[in-house]
Amino acid sequence: MQFTHFIQQSISLFAPLKKGLAYLDPGTGSFLLQLLLATSLGALFLIKTFWKRIKDFFRRLFSRNKEEGQADNVPPNNEKQ
Amino acid sequence: MKSSNSLEIPSAGSSDSAESSSFRDPSGFLFTRHGSLYRQVNQTYRSDYDRLMESGLYSELAAAGRLVAHQAVDIPAEVPDLAYRVIQPERIPFISYPYEWSFSQLKDAALSTLAIQKAALEKGMSLKDASAYNIQFHGGRPILIDTLSFEGYREGEPWTAYRQFCQHFLAPLALMAYVDVRLSQLLRVYIDGIPLDLASKLLPRRTRMNLSLAAHIHLHAATQQRYSNKTVARADLQRRMSKVAFLGLIDNLESSVHRLSWKPAGTEWGEYYTDTNYTPAALEHKMKIVSSFLERINPSSLWDLGANTGLFSRLASERGIFTVAFDIDPAAVELNYRACLQSREKNLVPLVMDFTNPSPSIGWHNRERHSLMGRAPVEAAMALALVHHLAISNNVPLPHLARFFAEITRWLIIEFVPKTDSQVQRLLATRADIFPDYQFGGFEKAFGIYFRIVESVDVQDSQRRVYLMERSA
């Protein structure tokens with residue numbers, strides 16, 4: 001998911017909520033608790049996702065460097081002979 | 001496993017019965033006809049069912065072994081007025097319940113539910129329930145058996161099943177991890193999961209320092225209590241929750257479950273399984289006897305009663321026999337399940353069961369969840385090193401024991417452990433011996449009422465004898 005997409009989704013949605021056909025009662029307290037937790041859990045999730053991306057980026061960068069480094073260390077075929 | 005709450009109760013018709021656990025959700029219901037299990041999908045669920053099938057979610061989950069596979073079948077519906085389709089799900093050989101699972105089984109069922117929810121969200125759908133009873137162990141892993149659990153995800157809506165997930169999974173797992181693993185048995189009392197105020201009261205204070213448990217259990221319980229008798233403004237109930245927050249909730253629940261752990265070591269039973277009085281020769285001979293009996297009867301399914309960590313159960317499951325390995329000790333069942341995972345065993349389901357008080361029928365009409373006896377009979381049963389526990393520790397007269405086994409199985413592989421055996425002597429050490437019939441003759445006489453003794457072999461290097469019996473016609 002793109003960052004802008006995340007931001008778009010993070011912005012409060014103002015259209016009224018339609019009642020689904022759910023057969024379970026979510027429970028008033030449970031329902032409101034989710035809304036209470038929503039902002040912080042959403043923010044945590046964003047941070048986690050982007051932190052993972054940053055880590056992956058450096059990991060890839062590092063492994064590429066390492067590969068290149070290894071390639072540099074490989075002696076040319078003629079030297080082996 | 002749930003279904004029609006419409007006024008039309010699926011009638012007997014040409015079917016044998018509508019599944020009694022399947023009544024809550026109006027999306028459809030399970031029924032059996034001529035011994036085969038079917039699920040009616042109702043018109044009200046049409047668009048969700050089509051989306052499940054057409055979005056690729058069904059094929060993705062079924063291929064990954066996370067959702068039970070099914071086939072659309074062309075047979076008359078059970079309640080034609082409501083019906084959209086009839087499907088035939090792959091049959092699960094043994095239905096088990098969360099109060100019969102070890103810690104890791106419940107944890108894996110929870111993680112599987114969340115993994116399914118994440119996959120569903122990627123395809124624009126969401127789980128409308130998160131019942132632990134919708135998960136079964138099949139082919140060595142947890143699988144969702146309710147095809148009708150999915151609904152289209154409506155952007156902005158909180159997770160309807162959040163409370164159910166906390167009650168069915170998070171609360172029992174936290175109690176098992178932080179207080180005592182035996183608290184899983186609370187699920188037997190509270191069929192819709194452990195009430196969060198109870199879980200909050202039972203959990204130690206330090207769990208309030210754990211952010212996830214503080215939020216999903218303690219704060220959750222407090223919020224439920226606060227709003228239990230309050231009228232909430234309509235506007236509050238129409239507030240929306242972004243998809244990122246929704247994903248954040250699922251992600252947070254997932255890491256909360258991941259962090260909960262329980263180790264079988266250090267329990268009071270910890271040493272029990274190394275403390276047998278078998279010499280290596282006796283153990284080897286007993287395995288040989290059991291193997292030869294299994295080879296002779298070659299059943300398609302077997303229950304091993306008192307299976308410990310499943311050493312003898314594997315003699316059956318490794319021959320391709322579908323085996324349920326019951327034991328009273330949650331530590332043994334946990335070790336057994338972990339061994340199954342490690343060697344990717346597909347034919348073995350370890351479960352917690354106390355045979356002095358096996359699972360009863362519970363729920364609405366006492367018919368929602370079946371008793372152990374309601375899930376019998378099985379083609380073959382094994383009871384090795386079990387009879388003395390039931391007959392002496394629990395005072396069950398031998399003819400009663402024989403009747404019990406005759407009700408659950410046709411073939412019986414059973415070990416008799418006489419009073420001269422050190423294990424029985426240990427049981428009798430602190431009590432009066434009121435068991436004059438507890439000897440080989442009395443045992444054979446009692447079981448002879450219901451069974452024909454096909455063969456019996458003395459276990460070398462021990463006082464014990466293993467019998468192969470067949471129930472009399």
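Which residues are buried in helix α1 (residues 46–54) of chain B? In this predicted model, D48(B), Y49(B), D50(B) and L52(B) of α1(B) are buried. Buried means under 20% relative accessible area, exposed over 50%, and partly exposed in between (1.4 Å probe, protein chains only). Helices (H or I, at least four residues) and strands (E, at least two) are DSSP runs, numbered from the N terminus. The cover over the buried residues of α1(B) includes strands β3 (36–42), β4 (70–72), β5 (83–89), β6 (125–127) and β9 (150–152), along with helix α2 (57–63), of chain B. G56(B) follows α1(B). The phi of G56(B) is positive, near 90°.

Residues are numbered from 1 along each chain as its sequence is written, and chains are lettered from A in the order in which they are written. Local features need pLDDT of at least 70, side-chain atom pairs count only at pLDDT 80 or more, and totals for chains, interfaces and linings use all residues, while side-chain values use heavy atoms, with hydrogens and water left out.

Chain B contains an open sheet of 7 strands. Their order is β12-β11-β10-β13-β14-β16-β15, and the pairing is mixed. The edges are β12 (348–352) and β15 (451–458) of chain B, each pairing on one side only. On average, neighbouring strands of this sheet are turned by 15° against each other, direction ignored. Helix α12 (residues 330–342) of chain B packs on the sheet. This helix touches β11 (322–327) and β12 of chain B, and its direction makes about 160° with that of β12(B). Axes are lines fitted to C-alpha atoms, for helices over the stretch in contact; angles run from 0 to 180 degrees between N-to-C directions. Contact means heavy atoms within 4.5 Å.

Strand β13 (residues 378–383) of chain B is mostly covered, with 5 of its 6 residues buried. Two strands pair if DSSP finds at least two bridges between them. β13(B) pairs with β10 (residues 301–305) of chain B in the parallel sense over 4 bridges. Here M382(B) is the bridge partner of D304(B). β13(B) also pairs with β14(B), in the parallel sense over 5 bridges. In this pairing V378(B) stands opposite T409(B). β14 (residues 409–416) and β16 (residues 465–471) of chain B pair in the antiparallel sense over 6 bridges. E415(B) stands opposite V466(B) of β16(B).

A214(B) lies in helix α7 (residues 211–226) of chain B. A214(B) counts as buried because its relative accessible area is 18%. Leaving aside residues up to four places away in sequence, A214(B) touches T207(B), R208(B) and L219(B). Q224(B) is 10 residues from A214(B) in sequence and 14 Å away in space, C-alpha to C-alpha.

The structure holds 0 disulfides over all chains (pairs of cysteine sulfur atoms within 2.5 Å). C166(B) is buried at 0% relative accessibility. C340(B) is buried at 3%.

At the interface, 35 residues of chain A are in contact with 43 residues of chain B. The buried area between the two chains is about 3,500 Å², of which carbon and sulfur atoms give 69%. Buried area is the accessible area (1.4 Å probe) that two parts lose on being put together, summed over both. The interface holds 1 salt bridge by the rule, which asks for a side-chain nitrogen of Lys or Arg within 4 Å of a carboxyl oxygen of Asp or Glu. The side chains of K48(A) and D251(B) form a salt bridge at 2.8 Å, N to O.
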